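Reader: I have a model open and want to learn to read its features. Take me through them briskly.

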Amino acid sequence: MLPVWRLHRHVGMGGDKYVAAVAGEEVEERLGDQLRDRWEERFDELIGEVAPLEGAHDLIADLKERGCTVVLASSSIERHLDHFLALLDARELLDGWTTKDDVEATKPEPDLVQAALEKAGTDDATMLGDTPWDVEAARKAGLETVCLVTGGFSEQELRDSGAVAVFESIAEIRERLDELF
């Protein structure tokens, strides 16, 4: 049994990397696919408890009003992402999104960010994330990252990983959009 803190420190890393990161390569080789399948089953049982961050829809709308292209870089499976998009009520606002099927490797590899850039049709972008894995993936793709502390990592940890700005909430980002864009 692994301690929760060890599991949490890797949240935000793609599922294809998570098992090896928290339990080692031997466990990945022996049980990785079974563990990911079981996680999916458990998450399906709990997905109804997921709620979007307060102000997420409004932030997307604000960015669109400013003429920004907005693509969600998600490594979710399609049905989970469909659920999240419905919760956000932003499907019509978004310019695109990714799923795990769009990439060979997930965060902290840059594949997901690169797939989102392709969907956006530009390399001129900024990543919004909340984990060091987001920052690392964006950096590998040549982007800067603005972070929220909503992923359970401290402001200092996010800055140390390379975030160019860190905010406590989406409301704070929305108040300071003029400084960012």
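Reader: Where is T98 found?

Author: A basis for reading comes before the answer. This is a predicted model, in which local features need pLDDT of at least 70, side-chain atom pairs count only at pLDDT 80 or more, and totals for chains, interfaces and linings use all residues. Residues are numbered from 1 along each chain as its sequence is written, and side-chain values use heavy atoms, with hydrogens and water left out. Helices (H or I, at least four residues) and strands (E, at least two) are DSSP runs, numbered from the N terminus. T98 lies in the loop between β2 (96-97) and α6.

Reader: Is T98 buried or exposed?

Author: Buried means under 20% relative accessible area, exposed over 50%, partly exposed in between (1.4 Å probe, protein chains only). T98 counts as buried because its relative accessibility is 0%. Compare L31 in helix α3 (residues 25-46). L31 is partly exposed, with a relative accessible area of 27%.

Reader: What does the side chain of T98 reach?

Author: A polar contact is a pair of N or O atoms within 3.5 Å; within protein, one must be able to donate a hydrogen and the other to accept it, and residues adjacent in sequence count only if both atoms are side-chain atoms. The T98 side chain reaches the backbone nitrogen of S74 at 2.8 Å. Contact in general means heavy atoms within 4.5 Å. Leaving aside neighbours within four places in sequence, T98 is in contact with residues including L72, L81, L112 and K119.

Reader: How do I read the nonpolar cores?

Author: In soluble globular proteins, nonpolar side chains tend to be buried together. A nonpolar core is a set of buried Ala, Val, Leu, Ile, Met, Phe, Trp, Tyr and Cys residues joined through side-chain atoms within 4.5 Å. Here the largest one has 18 residues, and L59, I60, L63, L94, F167 and I173 touch the most other members. Two or more residues come from each of α4 (56-65), α5 (78-88), β4 (144-148), β5 (165-167) and α9 (170-175). α4 gives the most, with four residues. A second, separate core of nine residues includes M13, V135, C147 and L158.

Reader: What does L94 touch?

Author: Not counting residues up to four places away in sequence, L94 touches I60, V70, L72 and L85.

Reader: How many disulfides does a search of the whole structure find?

Author: A disulfide is a covalent bond between the sulfur atoms of two cysteines. The cut-off used is a pair of cysteine sulfur atoms within 2.5 Å. The search finds zero. The sulfur of C68 has its closest cysteine sulfur in C147, 17 Å away, which is too far for a bond. C147 is itself buried, at a relative accessible area of 0%.

Reader: In what order do the strands of the open sheet run?

Author: Two strands pair if DSSP finds at least two bridges between them. The three strands have the order β3-β4-β5, with parallel pairing. β3 and β5 are the edge strands, each pairing on one side only. Three bridges join β4 to β5, and C147 has V166 in β5 as bridge partner.

Reader: Which helix packs on the sheet?

Author: Axes are lines fitted to C-alpha atoms, for helices over the stretch in contact, and angles run from 0 to 180 degrees between N-to-C directions. α7 packs there, touching β3 and β4, and its direction makes about 165 degrees with that of β4. The buried residues of α7 (residues 132-140) are P132, W133, D134, V135, A137 and A138. They pack against α6 (111-120), β3 (126-129), β4 and α8 (155-161).
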